[in-house]
Amino acid sequence: MANELNQQRVIDEFLRCFRKMLMDPELAGELVRIAKENINQPNAYQRIAEEVSNQTTIKIQEEHTEADRKFINLLMDVVKGDSQLY
């Protein structure tokens, strides 16, 4: 039961994020830009999380939730995948 509630919370957090991206078409580009600028930095994960929170309407708490971790890792995967295309 607790696992199901946690899974639902992760889904709900992702849905809120996607709604924000649909409402603000420039947000997705901004997120990718932040990830690209920080992907090769020391502590890239932490830097991306902080910059996303500081520079966009998506707020990531200091203590990351499972959804936060998945979202930041997804951003990093998108940037890594994009760089492999070229």
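**Exercise 1.** Is Asn43 buried or exposed?

*Solution.* The model is predicted. Start with the position: Asn43 sits in the loop between H2 and H3. Next, take the relative accessible area, which is 64% for Asn43. The cut-off for exposed is over 50%. Asn43 is therefore exposed. Finally, check the backbone: Asn43 is not a glycine, yet its phi is positive, about 55 degrees.

**Exercise 2.** Describe how helix H2 and helix H3 cross, then list the residues that meet.

*Solution.* Two packed helices are described by the angle and the distance between their axes.

- Step 1, distance: the axes of H2 (residues 26-38) and H3 (residues 44-55) come within 9 Å.
- Step 2, angle: these axes cross at roughly 145 degrees.
- Step 3, hand: the crossing of H2 and H3 is right-handed.
- Step 4, residues: H2 brings Glu30, Leu31, Arg33, Ile34, Ala35 and Asn38. They meet Ala44, Arg47, Ile48, Glu51, Val52 and Gln55 of H3.

**Exercise 3.** Characterise the largest pocket by its volume and its lining.

*Solution.* 

- Step 1, volume: the largest pocket holds about 290 Å³ of space.
- Step 2, centre: 13 residues line this pocket, and Glu13, Arg16, Ile58, Lys59 and Asp68 are the closest to its centre.
- Step 3, helices: H1 (2-23) and H4 (66-84) each supply at least two lining residues. H1 gives the most, with five.

Note on methods: Residues are numbered from 1 along each chain as its sequence is written. This is a predicted model: local features need pLDDT of at least 70, side-chain atom pairs count only at pLDDT 80 or more; totals for chains, interfaces and linings use all residues. Side-chain values use heavy atoms; hydrogens and water are left out. Axes are lines fitted to C-alpha atoms, for helices over the stretch in contact, and angles run from 0 to 180 degrees between N-to-C directions. Helices (H or I, at least four residues) and strands (E, at least two) are DSSP runs, numbered from the N terminus. A crossing is left-handed if the near helix is turned anticlockwise from the far one by less than a right angle, and right-handed if clockwise. Contact means heavy atoms within 4.5 Å. Buried means under 20% relative accessible area, exposed over 50%, partly exposed in between (1.4 Å probe, protein chains only). On a 1 Å grid over the protein atoms alone, a cavity is a set of points where a 1.4 Å probe fits but cannot get out, and a pocket is an open set with protein on both sides within 12 Å along at least five of seven lines; lining residues have an atom within 4 Å of a point. Grid points are joined across faces, edges and corners, and a volume is the space filled by probe spheres set on the points. Ala, Val, Leu, Ile, Met, Phe, Trp, Tyr, Cys and Pro count as nonpolar, Asp, Glu, Lys and Arg as charged, and the others, Gly among them, as polar.
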